[in-house]
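Q: I am new to this structure and would like to learn how to read it. Could we take one feature at a time?

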Amino acid sequence: MNTAADILFGGLFQGSLYAMMAVGLALVWTTIGVFNFSHGVFMMLGAYLAWQGIAWGFPAYVAFPLAVALMAGVGWLLQATVVRPLIGRANLVLVVVITTLAAGSLIENGALVVWGPRSKQVPPLLEGNITLGGIGVSLHQIAIIVITPIILAALWFFLNRTRLGLALRAVAQNEDASRLVGLNVTMLYALAFGIAAALAALAGIFLGGYRFMTPVMGADPLLKALIVVVFGGISSISGPIFAAYVIGFFEAICSYYFGLYWTPALLFAALILTLMVKPEGLFTRSGGRLA
Amino acid sequence: MSAANLADTQTSRPAASAVPVGPGRVPWQREAIGIVVGFALLALLPLIFTDSYSRHVLIMVFIYAIVASNWDLSLGYGGIFNFGHIALFGIGVYAYSLLTKLAGLDPWVAMAASGAVAVVAAVAITIPILRLKGIYIILVTFGFAQLVMQIILSQSDYTGGTQGIVRIPSLYIFDHNMVRDGKFAYFYIALALLAASTVFLRAFVRSRTGIGIVALRDNEEYAVSRGISLVRQRLITLAASAFFTGVAGAFYAAYQRNASVEVFSMSLGTIILSMVLLGGTSTIYGAIIASFVLTVFSEAMADFGAWRPIITAVLILVVMLAYPGGIVGMLKSAMAVFSRRTSARKS
């Protein structure tokens with residue numbers, strides 16, 4: 001009973017975190033067609049902004065949304081400076097990898113200068129622990145498990161049921177045609193990046209609530225987000241979300257049976273195998289589309 | 001007749017020789033002279049920079065230059081986004097360390113063997129990416145690099161895990177004391193490796209195979225329809241880019257005398273990748289020049305602490321945004337302006 005509860009809870013928790021980390025990356029990829037390698041750094045900066053808000057005496061319910069909103073601005077700024085000017089270059093994907101990596105390094109070391117190397121922590125979303133199914137879990141983790149699907153559902157609603165969201169998906173499918181029917185492609189790019197950065201900030205706050213934060217905390221989540229997106233297929237938003245939960249459970253099961261040490265290696269082996277067999281990702285139907 | 005005119009007449013005429021001559025292609029004799037003169041000048045550098053610290057910096061430049069220029073072969077010429085390239089370097093480091101320390105192999109033999117191990121690893125990366133394109137290749141090769149690092153970390157009985165490996169046997173030349181010669185021997189070995197690697201790379205990209213991989217990059221369907229095998233060329237490209245990368249890793253291990261998983265880190269990967277892109281892809285020389293510029297620049301700012309990576313990042317961003325062709329593109333456009341001015345004066 002405890003084993004099942006452990007795996008179920010661990011899978012749900014990790015899956016929620018991964019979904020939160022990956023969905024912004026997938027959003028940028030599907031709309032702009034580039035991989036934002038500063039996504040992990042966005043998580044770090046979001047967590048640090050939240051921490052700063054708390055340190056200035058704001059209550060968490062003010063500081064957290066404020067950090068998320070600020071990060072949307074940072075995402076827009078990054079898009080406008082190091083991504084937008086490159087659109088149309090022959091080797092766009094590659095150049096954006098290097099510019100976002102460089103921008104990430106800039107932000108990371110900037111955070112090091114501003115906040116110093118000492119590890120910090122933001123308060124959890126909810127204080128306290130409870131016992132569920134024979135295992136002790138913190139309310140912070142429960143909150144993450146509950147909040148993540150709500151955010152993802154809201155994103156799904158936005159992309160599928162609102163005019164703006166549909167416009168975003170139209171750009172993802174065919175940029176030239178979108179421009180022809182009068183969509184403001186530049187604005188939509190900025191919007192995609194802004195939303196992605198805001199989602200990254202939220203993931204960062206989730207992380208900072210149960211783990212110590214350092215300026216380099218974004219590297220590992222970025223890697224995980226990349227794996228999730230590849231697993232799920234990079235032509236859709238829903239694919240990576242499913243994949244996040246699959247990977248969450250995969251890790252929970254692996255670390256239970258094979259130990260924590262082998263889990264990452266097994267995960268990467270599974271990733272490479274997936275790509276050899278089904279390069280378009282596990283959850284992609286032919287002619288993949290967004291959401 | 002100027003070089004530009006010569007190249008023009010050669011391109012306008014259908015190529016009769018075995019290797020077609022492309023636009024802007026310098027005759028090989030001229031390039032060979034350039035390489036000889038360039039490396040002779042590099043060999044004289046210790047006369048100008050006489051302290052052992054600057055020789056150390058130059059040794060690091062040469063190591064980075066080997067790794068970056070070999071990466072340019074797969075990334076620039078091949079158009080294969082191999083993000084596992086840095087792992088090939090790391091594999092060289094660990095292959096040398098394990099072969100000399102555990103297997104007790106002779107350091108020089110181990111260094112050559114490390115190159116061979118890197119080639120085998122490159123073939124292993126290539127197999128899963130044969131069917132893939134663009135961004136998928138980035139992700140699989142990135143995954144491969146992480147996989148290798150995880151395996152090294154988990155096999156701590158042999159690799160020392162996070163502790164790394166220390167006291168790795170160094171290279172030797174008869175009874176010459178490599179440690180107390182002010183890094184002279186290592187300087188010339190590194191320079192010789194860079195020279196060998198550069199000659200190999202330039203000869204490779206000028207060969208028919210090299211032209212074939214560029215054709216595949218620029219128009220895959222057409223190249224395949226003309227009988228170029230995608231599978232074979234990809235294997236050859238990655239294997240060719242791996243050998244000197246692995247040897248450079250081995251040399252690095254022998255020189256530093258310790259090994260850690262730092263060599264797989266994203267920060268090292270970013271630096272080397274920015275050398276390739278900053279220099280300008282598909283040139284080989286660009287990567288070498290950029291290794292020199294970035295390393296020296298970074299050493300010059302050693303006192304800036306956390307500001308150093310910030311300034312480096314800004315430099316990379318500015319060059320990437322302003323000069324898509326990198327440093328070589330910058331030099332080319334400067335030369336174009338210069339030659340336009342001189343020809344205007346003549347007329």
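Q: Is Arg257(B) buried, exposed or partly exposed?

A: Buried means under 20% relative accessible area, exposed means over 50%, and partly exposed lies in between, with a 1.4 Å probe and protein chains only. Arg257(B) has 35% relative accessibility, so it counts as partly exposed. The model is predicted: local features need pLDDT of at least 70, side-chain atom pairs count only at pLDDT 80 or more, and totals for chains, interfaces and linings use all residues. Residues are numbered from 1 along each chain as its sequence is written, chains are lettered from A and ligands numbered from 1 in the order in which they are written, and side-chain values use heavy atoms, with hydrogens and water left out.

Q: What can be said of the phi of Ile284(B), and is Ile284(B) buried or exposed?

A: Ile284(B) is not a glycine, yet it has a positive phi of about 65 degrees. It belongs to the loop between α12 (266-279) and α13 (285-300) of chain B. Ile284(B) is buried, with a relative accessible area of 0%.

Q: How should I read contacts, and which residues does Asn70(B) contact?

A: Contact means heavy atoms within 4.5 Å. Asn70(B) is part of helix α3 (residues 52-77) of chain B, and at 0% relative accessibility it counts as buried. Leaving aside neighbours within four places in sequence, Asn70(B) is in contact with His85(B), Ser197(B), Leu201(B), Ala240(B), Ser241(B), Phe244(B) and Thr245(B).

Q: Where is Ser197(B) found, and what does Ser197(B) contact?

A: Helix α8 (residues 184-206) of chain B holds Ser197(B), which is buried with a relative accessible area of 0%. Leaving aside neighbours within four places in sequence, its contacts are Ile66(B), Ser69(B), Asn70(B) and Phe244(B).

Q: How many helices and strands are in chain B?

A: Chain B has 15 helices and 2 strands. Its radius of gyration is 21 Å, close to the 20 Å that the globule rule gives for 347 residues, so chain B is as compact as a globular protein of that length. The radius is taken over C-alpha atoms, and the globule rule is 2.2 Å times the number of residues to the power 0.38. Along its principal axes the C-alpha trace of chain B spans about 70 × 50 × 40 Å. Buried residues are 49% of the 347 in chain B. Of the contacts in chain B with a separation of 6 or more, 75% are between residues 24 or more positions apart.

Q: How many helices and strands does chain A have?

A: Chain A has 11 helices and 2 strands. The radius of gyration of chain A is 19 Å, close to the 19 Å that the globule rule gives for 291 residues, so chain A is as compact as a globular protein of that length. In sequence order the pattern of chain A is α-α-α-α-β-β-α-α-α-α-α-α-α. Buried residues make up 55% of its 291 residues.

Q: How is the length of a helix judged, and how far does α9 of chain A reach?

A: The expected span of a helix is 1.5 Å times one less than its number of residues. Helix α9 (residues 219-232) of chain A has 14 residues and reaches 20 Å from its first C-alpha to its last, close to the 20 Å expected at 1.5 Å a residue. Of the 14 residues of α9(A), 12 are buried, so this helix is largely enclosed by the rest of the structure. Among them are Lys224(A), Phe231(A) and Gly232(A). Gly233(A) follows α9(A) and has a positive phi, near 100 degrees.

Q: Where is Phe42(A) placed, and which residues does Phe42(A) contact?

A: Phe42(A) is in helix α2 (residues 39-55) of chain A and is buried, with a relative accessible area of 1%. Leaving aside neighbours within four places in sequence, its contacts include Asn36(A), Met71(A), Ile107(A) and Phe193(A).

Notes. Helices (H or I, at least four residues) and strands (E, at least two) are DSSP runs, numbered from the N terminus.
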